[in-house]
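Here's a model to walk through with the viewer open.

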Amino acid sequence: MFWRKKDKAATPAVEEVIVQEPEVIAQEVVAEEIVEVHEEPAIVEGIVVPEPTELVKVELPKRNLSKGFKAVFSRIKFDVENLDDLEDVLIQADFGVEAAEEIVAAVKVRAKKNGSKTEAELKAVLTGLLTEKMTRDDAALNLDSGAQPYVILVVGVNGAGKTTTIGKLSNYLVEGGAKVTLGAADTFRAAAVEQLETWATRSNSEIVKPTVEGQDPAAVAYEAVERAIANGSDVLIIDTAGRLQNKQGLMDELGKIRRVIEKQLPISEVLLVLDSTTGQNAMTQAKAFTEVAAVTGIALTKLDGSAKGGIVYAIQDQLNIPVKLVGVGEGIEDFGFFDAKEFAIGLVGER
Amino acid sequence: MFGNLSERLVETFKGLRAKGKLSAADIDATLREIRKALLEADVALEVVKTFIASVRERALGDEVSKALNPAQQVVQIVQEELIVILGGEARRIQFAKNPPTVIMLAGLQGSGKTTLAGKLALWLKEQGQTPLLVACDLQRPNAVNQLQVIGERVGVPVFAPEAGNGSGNPVSVAKDSIKHAKQKQFSVVIVDTAGRLGIDEELMKQANDIRKATDPDEVLFVIDSMIGQDAVNVAKAFEDGVGITGVVLTKLDGDARGGAALSVAQVTGKPILFSSTGEGMDAFEPFYPDRMASRILDMGDILTLIEQAQKSFDEEEAMVMAEKMAKDAFTLEDFLEQMQQIRKMGSIKSMLAMMPGAGKLKGQLDNIDEKEIDHTEAIIRAMTPKERRDPKILNGSRRLRIAKGSGMTVTDVNSLVNRFEQAAKMMKTMAKGGNPGIPGMPPGMGRAAMPKQNKGKAKKGSKSGNPAKRAAEIAGIQPPKQDNSGSSFGLGG
């Protein structure tokens, strides 16, 4: 969910974003003060509470998270005696041994307390537990400071889906009326700039490219910031080259890119793109990227496959980084915001 | 988050050393650790289960109970079994009798197919082949473009009649490329295909159509070494959907343990042919099952290390030392001797480099100053034999003389004497079987002295009763604890 002010000279726009708890609906009262809220934020779960006036709302794309998850629980008989099998199931969903043990222990405690015995009851316990543990109030994009252009820096290992995610996010923001500029700071991989350019065209956003081949990515980032300020963009999204987190030199480069951007503008969001097929190494990635680039959110990609991306549970839990976006395909609309409840339901396969 | 396997096994084995023989329960405890290590290395659960079962069977057999060092034997078995699954002998690319040899690449999105196509082309070219790259990824924006750039970099022509970006028929491009290759007499055709999900039936069918159209000699399944539990599903899907002849593991230059390699090899029964290990076009090599086995278990060269440690410590010396300790006759001479023992094992840093997970320890490695040992040695050597045997007589003027003689300062001499006294006190306590947790003891020694099972062992002349060996264990076998361990011996910071 993205909000931007209509009149750029006016007071800073404030976007309140998807909130998972339905209680927040109560705050709709606040919305009454607002003159120009065009649509009722009815379809989506979260409710928008814009403080200043003249905001344009962007609809949340539809997505289906659950399609890849169902197979998991069909494998085991889910009853009180077989609760230990749950651990295996969670391990197979890439939750990791420790998190799996922890969840099973918690399910046992809660099932006992609630007297849950049937499969449906136990599934409800698990769904509830996962939803609770994974719901966060900071799962929305940080687009509420009013200090436009908002800078979103996108980082991750090779092949995680950074460029595709940027394309989708850009399109989503542009559809909502935002002016978006893309910075092609992946000057390393062959044709990465062209790939981003294709997405820029598809999403009707402007792109800042390197002026010479193999230019210093930090220089491109700097120019992109300059351009975004000059052309009055609402959002600037900067693509970076994929880098494995154990390559110190490349990680240092990322730190430099960050510093260079911050000379002109604060960075609103550093998105770490994680491939949901990644196993336990995702934790190492999250740690390393957080260290150099101060990651503020995770975009979990390729959830349309058979992978479950369970490692994000441990990442949220241990590193305190919220999962914000999910990617579910190659189409421009194939993405959405992370919703803990849907994730849990998708995994357990039942409400 | 995770301790490495060797560290865990050392913990597990500590309790086993004294027994000399492994019971079924001991083996199960060990296997539990191995199971966890495999899962943390992303080996698929079902593969782990079969694997552990077969290791258990072997471990319970004669070969372990009769072995001199049963614990080590278990590790050995694990490694051997891993290598068996990973493919004992490496297989090479199968070339067609009548060129062109067709190699088709398939895999998930982002697994690294296009980059790999370039690396493979370069590798083949260096072997005197004349490869042709074929751009059949018409899906991902600018994948065709990317292949063209890569082709240019490695100096290999690219067959790309379609611009891609969602238009064009990859099957006909593939078909045409073979004709083209025959006409222009290319010896190898490398077909890059679009990334696809295992569950996407339509795209799997398309991949199969490309296969039918090109009748490849090799269908290489390209898989990211960072992949998790899903590796089995993906591998099965590609094996069933396209049919693969071999596997290529990419991004092995990362720090993922790459348990997926094991899953894929086990599930498909197909050999892993190559590993791709970096950004450069030449970062590509044949696959080494033994290296991979060590990597998955994060074992480093632990077997070598154990052997080396065993050689370096003379059993008899250890006995004498243990007796001395018990009698409170531990002197600076012994202290010096111990240090030389440690040194016999080779440079501490190079020893640590052999250790699993040592990469993460870079900072800590640098904290270990081998010069410290030199300094300590110099100070002790500047003492008279009498002083070495009885440090209590070291008064101010003696200390000053020693400092001058060794080129160190009086403070250095003082701190050495202090360290020695603490170490001697602690060892005495330990040798007598007391609680080693005396106050004021340096933290490093505290860990060394921790295991209760050391109690009384010294008298039996068992290895780990030897303080020097324990010190070496700290110095070598438990690298993450290195930060302050061994400080009594002047090794730490």
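The paragraphs below go from the sheet to a helix.

First, the ground rules: this is a predicted model, so local features need pLDDT of at least 70 and side-chain atom pairs count only at pLDDT 80 or more, while totals for chains, interfaces and linings use all residues. Residues are numbered from 1 along each chain as its sequence is written, with chains lettered from A and ligands numbered from 1 in the order in which they are written. Helices (H or I, at least four residues) and strands (E, at least two) are DSSP runs, numbered from the N terminus.

In chain B, eight strands make an open, mixed sheet, ordered S3-S2-S4-S1-S5-S6-S7-S8; strands pair if DSSP finds at least two bridges between them. At the edges sit S3 (158-159) and S8 (284-286) of chain B, each pairing on one side only. S8(B) runs antiparallel to S7 (272-276) of chain B, and three bridges join them. Across from B:Glu285 in S8(B) you'll find B:Ser275.

Now for H10 (231-241) of chain B. Eight of its eleven residues are buried, so H10(B) is largely enclosed by the rest of the structure; buried means 20 or more other C-beta atoms within 10 Å of the residue's own, with C-beta atoms placed from the backbone. B:Asn233 and B:Phe238 are among them. What do the buried residues of H10(B) pack against? The partners are H3 (45-60), S1 (101-107), H9 (201-214), S5 (218-224) and H11 (260-268) of chain B, where contact means C-beta atoms within 7 Å. Just past H10(B), B:Gly243 has a positive phi of about 85°.

How values were computed. A residue is buried if 20 or more other C-beta atoms lie within 10 Å of its own, exposed if 12 or fewer, and partly exposed in between; C-beta atoms are placed from the backbone. Two residues are in contact if their C-beta atoms, placed from the backbone, lie within 7 Å.
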